[in-house]
Amino acid sequence: MSESPAGGGTTPWRIIFMGTPEFAVPTLEALAAGPDDVVAVIAQPDRPAKRGRKVHVPPTIQVARRLAIPTHQPARVRGPRFVETLAHYDPDLIVVVAYGRILTEAVLECPRHGCVNVHASLLPKYRGASPIQWALLRGETVTGVTTMLMDAGLDTGDILLARELPIPPGANAGELHDLLAPIGAELLVETVARMKRGTVRPRPQDSRLATRAPLLKKEDGLIDWNRPAREIDWHVRGMTPWPGAFTFLDGTRIVVLDGAALPQPADAPPGTLLKAEASGLMVSTGEGCYQVRELKPENSRAMAPQAFLCGHRPAVGARFSSDRGVS
Amino acid sequence: MSPPAHHSIAPSILSADFTRIGAEVEAVSRAGAGLIHVDVMDGRFVPNLTVGPDIVSAVALATNLPLDVHLMIVEPDRLIPRFVDAGASIVTVHVEACPHLHRTIALIHDCGARAGVALNPATPLHFLGPVLSDIELVLIMTVDPGFGGQDPIPSALRKLGQARRLIDKAGLDRPPALEVDGGVKAHNAGDFAAADILVAGSGVFLWPETQEDTHKSSLDGDQLAAAYARAVSAILGALAP
């Protein structure tokens, strides 16, 4: 990597990288390709194999192995042993991206310049485990990434840099994740460069503006057809790909993968199938209609409405419901 | 041509109160701005002289938002590293000042910043063609740069629409953002809707209610931030479809 003509004379920092999922990968790769030394990569332990699947090795560990960086996957990060492991590397900085565990004061104080977190929202909004999904669930039109000097609270640390991203209309959480991950990498690289030069100042968050983004559970995906169509659209986009926005029709659990809110009024009770055509399944909602454009019935693949109509013959007037019902 | 769904406002510190630039930048950063725009002028490329890397450092320390540094200077290559060192997130150079634009863009990237290219009102758009896929920002000037408070030149506004079409038709994976600077105010913001980012100097910092001499200097940080938030909202409101 050629030396940057700017920032002459600063020695490379020793950086420990803590991160587990795919979201963390671009940041790790950008750091490793830059002027600083990534001395270790720490991630959650491998996930055991589910039936018919291989053991899941975290994407960050795979990258670290490819780059010949030492890795650790401790089961516990509270307690002195983990701090000793970190101290052994004599880190200037720890970068944390979606690691998946809250860090103790002892860990936060270990590196010379503290721990910097890359958080996928514009803090103090959407503090918590699922910022990308909650920005969509709440119908935001813009989100972003924030780098934060970590403290012992949950995403409460002082803000270093922030960059906003307009949410493309119709984007779901998976697509937004893929847009935000490289931005997070760029923002973190800029943050570290400016920390080294002393041209960034941490500033406290205004907790009056804080909102939460708690971890989602599978059952949170249930579609409430009583809500206005545009909120159902937020729900589908925020819950896709995981945990998935689902409903029930004729006893079958169906995941709604894509659709759109339409302004035409619905003259039927919420959840009623108004029209079943190749372009979509029109469903009445609390306000307006929602058109389902891609769906995945249980035990089937994802399909377009046309394919669904071939295999199933939902009657106009059938009701989407919140459970399998008695059939 | 469909205008972007979301617009960012980039307040320009050119119109800020330099006796307390830190407070001004902090306040406007809490007002819904997307970036902080810094107009660097050398008295040669434009007839006015403003700030250098040292002030940019001060601004960088006063905000978490990206610093959008617009170099209205001749021979920018010599100073680009110093501006990135000072905290510039984006460095925008003028096509009219860069005989070797690819080299300059590569230098900005090597320094670790994003690269923008700016065009004065009389400069044709086709100068962008050879570099469009290499840059992160296109800046269309709708006034001849040098001083704040000017009204936009109508032919330059038409050029903004053409720039939108040029970028959209290029079909790039990561198209550059389109930024406009020159005469943006709340009452005419709709004319600039083709842009992704609108620079507003006097339109934010000299927003009417802060213009009365006694008032602005007596406002504390929160009041200043609230006043600028109203200015930013007024501009964004005029852009809403």
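**Exercise 1.** Find which residue of strand 5 of chain B stands opposite Val91(B), and describe how the two strands are joined.

*Solution.* Begin with the pair itself: in this predicted model, Val91(B) faces Ala115(B), a residue of strand 5 of chain B. Next, widen the view to the strands, where strand 4 (residues 90–94) and strand 5 (residues 114–119) of chain B pair in the parallel sense over five bridges; here strands (E, at least two residues) and helices (H or I, at least four) are DSSP runs numbered from the N terminus, and two strands pair if DSSP finds at least two bridges between them. Residues are numbered from 1 along each chain as its sequence is written, while chains are lettered from A, and ligands numbered from 1, in the order in which they are written. Because the model is predicted, local features need pLDDT of at least 70 and side-chain atom pairs count only at pLDDT 80 or more, whereas totals for chains, interfaces and linings use all residues, and side-chain values use heavy atoms, with hydrogens and water left out.

**Exercise 2.** Work out the strand order of the open sheet of chain B, and explain why strand 1 and strand 2 each have one side without a neighbour.

*Solution.* The sheet has eight strands with parallel pairing, in the order 1-8-7-6-5-4-3-2. Strand 1 (8–11) and strand 2 (36–41) of chain B stand at the edges with a single partner strand each, so one side of each has no neighbour in the sheet. Finally, neighbouring strands of this sheet are turned by 25° against each other on average, direction ignored.

**Exercise 3.** Describe the open sheet of chain A and the helix that lies across strands of chain A.

*Solution.* This sheet has seven strands, ordered 3-2-1-4-5-6-7, with mixed pairing, and its edge strands are strand 3 (71–72) and strand 7 (158–166) of chain A. Within chain A, strand 1 (residues 14–19) and strand 2 (residues 37–42) pair in the parallel sense over five bridges, with Val41(A) as the bridge partner of Phe17(A). Helix 6 (residues 173–197) of chain A lies across several strands, including strand 1 and strand 7, and runs at about 145° to strand 7 of chain A, where axes are lines fitted to C-alpha atoms, for helices over the stretch in contact (heavy atoms within 4.5 Å), and angles run from 0 to 180 degrees between N-to-C directions.

**Exercise 4.** Determine how many salt bridges there are between chain B and chain A, and locate a salt bridge of Arg194(A).

*Solution.* A salt bridge is a side-chain nitrogen of Lys or Arg within 4 Å of a carboxyl oxygen of Asp or Glu. The count between the two chains, B and A, is three; one of the salt bridges joins the side chains of Glu186(A) and Arg174(B) at 3.5 Å, N to O. Arg194(A), in turn, forms a salt bridge with Glu190(A), the closest N and O atoms being 3.1 Å apart, and these residues are separated by about one helical turn because they are four residues apart in helix 6 of chain A.

**Exercise 5.** Identify the peptide bond type between Leu123(A) and Pro124(A), and place Pro124(A) in chain A.

*Solution.* The bond from Leu123(A) to Pro124(A) is cis, with omega near 10°, and Pro124(A) is found in the loop between strand 5 and helix 5 (131–137) of chain A. A cis peptide bond also joins Thr240(A) and Pro241(A), with omega about 10°.
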